[in-house]
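Here's a quick look at a pocket and a sheet. Have the model open alongside while you read.

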Amino acid sequence: MNVQQASFRDPAEETGAPFIPDRSSFPQRIAAVVAAASKDAEDVDRAARFPQKAIDAARTERLLGVQIPKAFGGDGASIYDITDMCYALGRACSSTAMIFAMHQTKIACLVRHGMGSVYHEALMRRVASEQMLLASSTTEGQNGGNIRFSSAAVERAGSEISLVRNATVISYGAQADGIVTIARRDGDAAGSDQVLLAITKDDYTLERSVEWETLGMRGTCSAGFALKFTGSSDQIFPEGYDKIHAQTMTPVAHLCWSSAWAGIAAAAVERAQAFIRKAARGAGGQMPPGAAHFNVAKMTLAKLRAIITANLDAYAAHEHDDRALSSLDFQSSINLLKVEASELAVETVMSAMRACGLAGYRNDGDFSVGRLLRDVLSSPIMINNDRILANIASASLMSAVPASLRD
């Protein structure tokens, strides 16, 4: 057991009583993580280091396994709960929020598509009890953000399997307790015939191949690695990746990422508001020149939150309807959410910086927006917006134009 796992204490061990999850505790628990993340955010960014204290706090508060069903030791948190947590963390530390969002996307795949599998159900129990952190490996070689095509293939020898993968990005790969990764079903399979695997760090090795020196999101530690894995065929999810991608991976990722970006945008608006208030007080109530930009920032943040909540409602309403989740309308909408949310988030932070003027442009001081801007600029690039728009162009043409406001 590693040091991080050893810090976990099951309440049942101390009281003898079974652990009973309490959803009403979520606000207090995430507040504790937000406090740790806020305190460390500047140094995490400056040193491009993993936000260890924030993730340790998430372990202490049992939030890494919060989405695991109660039957397997978790809290059974909903997509609404998870996205609210991503938003709260985004206001505190962008890197912590994105790590949490990516981890929870992998947990969603495990929960939705691992039921009935002895291995995956056991892994759910481990995540809940040990508060394991799961990373994602979907990008490889020259494929960029095209995660519906894999070069690496699963090699099979009876019930034993192996995988060698040139992963150009594995966010927090060196710090994770396990990785959820995709690959071709076997050596003869087409690049789009993919499977999803859940592997733990005692089954694989990572050899760093690409460093992580970036403009923003520096604490995600998204270096590249050569991934070498040997394990059991039981670690392959029972359902094909095409189904997992459409029904869980894409919608949950885009909802969680967008919520984290909205949190970053909200933090920038909050700083702009504080600056405008201070400037107005100092000028006897006269609004500073940047006040108009503050109004724009508030307006774009409202748009951003509205588009996220609309898509949240749509996903929650059809979360267990395979046909609805695979429909052209839903797939177009959830992909466009990522595009629109990322653009609105950048627009919001830019307006907040212009509202603050030089005080926002500076890297020191209470009104600095620099780190938030650098972090949010990653949002249109993560699975590049141009790629998404090109991929869904045909589907968008086939999707009907709504006949009313609530269609």
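A pocket here is an open set of points on a 1 Å grid over the protein atoms alone, where a 1.4 Å probe fits, with protein on both sides within 12 Å along at least five of seven lines; lining residues have an atom within 4 Å of a point. Grid points are joined across faces, edges and corners, and the volume is the space filled by probe spheres set on the points. The model is predicted, so to speak with conditions attached: local features need pLDDT of at least 70, side-chain atom pairs count only at pLDDT 80 or more, and totals for chains, interfaces and linings use all residues. Numbering starts from 1 along each chain as its sequence is written, and side-chain values use heavy atoms, leaving out hydrogens and water.

The second largest pocket holds about 660 Å³ of space. It has 17 lining residues, and the closest to its centre are Asp329, Ser333, Ala400, Pro402 and Asp407. Helices H9 (291-317) and H11 (328-356) each supply at least two lining residues, with H11 giving the most, 5 residues. Helices are DSSP runs of H or I with at least four residues, strands are E runs of at least two, both numbered from the N terminus.

| Lining class | Residues |
|---|---|
| nonpolar (Ala, Val, Leu, Ile, Met, Phe, Trp, Tyr, Cys, Pro) | 8 residues |
| polar (the others, Gly among them) | 6 residues |

Four strands form an open sheet in the order S2-S3-S7-S6, with antiparallel pairing; strands pair if DSSP finds at least two bridges between them. S2 and S3 (residues 160-167) are joined by 3 bridges, and Glu155 stands opposite Ser162 in S3.
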